[in-house]
Amino acid sequence: MSATTSPLFTAAELAAALNGPEGVRPVVLDVRYPGVGSTEDGHAQYLAGHVPGAAYVPLDDALAAPHVPGVTGRHPLPLPAVLQDAMRSAGVREDRPVVVYDDWLSIAAARAWWLLRWAGHDDVRVLDGGWRAWRGSGCTVETGEAAPEPGDLTVRPGHRRTVDADGAAALARDGVLLDARPAGRFRGEGETIDPVAGHVPGARSLPAMGLVDDAGRFLAPEALAARLAAVGVEPGTDGAKVGIYCGSGVQACHAALAAEAAGVVADPAVYAGSWSEWVTDPSRPVATGAGD
């Protein structure tokens, strides 16, 4: 693929890469997910049309472990063996780049990007603008189920920072803890998903859905950098001093992707359990309102 260090890939760049030498063509993963309030089935959308050669990977089955109500968040990190089996079935190889896309503002794609980086794969990009960008570019579309050759990825967890609830609380106190949910949910208004409304005390609001434009593409790096600076994350900030959470650990990966695309902070810590895990323990404090 191109020499760019950005974690984002345009439709034109992906089309060119797929037309390149066979041995270096990227493995493409379609992780379309219905999103909150939608009844659309991601796999059905995939079968109706997808990037040529793309393999479908389900978020709930492959990119998360089962949710245990009252114990875990809604999207716990997957078991390494489960993630490895899913990635190998999708054709992911150690020596081939990977491009991931969805049709949900790159939120599910960012989760797949972050997990593959966490697992030790170094060359992973997200198709900026997702399926909409691919269709809008007039690129070729394939239907039906792809049958990729099995991959050989070995999942080696730990290549991206994570924190647990205690670590998130420490970052809120001594560093910067960002909440990637919509601002209303951060303030404790209109909570319809989790049983407790509010946010981790000391956290700062950075809604993931505000990091993309109306077309679903990430804002320009300078605009992303400005959003991050407004919540106390300046260029060059040590990733160990920044943490991100959301409702279930998915949008947090989207904000982490934005931080890297902006060139501001590499590898901020993700609190995978996020708010849905935080509230399983009634002894953990809860704040409401606009915060600091």
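The model is predicted, so local features are described only at pLDDT of at least 70 and side-chain atom pairs only at pLDDT 80 or more, while totals for chains, interfaces and linings use all residues. Residues are numbered from 1 along each chain as its sequence is written, and side-chain values use heavy atoms, with hydrogens and water left out.

The domain assignment, which is automatic or taken from a database, divides the chain into domain 1 (8–137) and domain 2 (162–279). Their C-alpha centres lie 21 Å apart, and 25 residues of domain 1 are in contact with 27 residues of domain 2, contact being heavy atoms within 4.5 Å.

Five strands form an open sheet with parallel pairing, in the order β1-β5-β4-β2-β3; strands (E, at least two residues) and helices (H or I, at least four) are DSSP runs numbered from the N terminus, and two strands pair if DSSP finds at least two bridges between them. β1 (8–9) and β3 (55–56) stand at the edges with a single partner strand each, so one side of each has no neighbour in the sheet. Strand β4 (residues 98–101) pairs with strand β5 (residues 124–127) over three bridges, and Val 100 stands opposite Val 126 in β5.

A nonpolar core is a set of buried Ala, Val, Leu, Ile, Met, Phe, Trp, Tyr and Cys residues joined through side-chain atoms within 4.5 Å, where buried means under 20% relative accessible area, exposed over 50% and partly exposed in between (1.4 Å probe, protein chains only). The largest such core has 63 residues, and those with the most contacts inside it are Leu 29, Leu 63, Met 87 and Leu 178. Helix α5 (residues 107–118) gives the most to this core, with ten residues. Domain 1 (8–137) and domain 2 (162–279) both give residues to this core, so it lies between them. A second, separate core of 18 residues includes Ala 17, Val 28, Val 51 and Tyr 101.

Helix α5 also packs against helix α10 (residues 251–261) at an angle of about 75 degrees, with their axes 7 Å apart. These axes are lines fitted to C-alpha atoms, for helices over the stretch in contact, and angles run from 0 to 180 degrees between N-to-C directions. α5 is therefore roughly perpendicular to α10, a term that covers 65 to 115 degrees, with under 35 roughly parallel, over 145 roughly antiparallel and the rest oblique. Eleven of the eleven residues of α10 are buried, and what covers them includes β1, α5 and β5.
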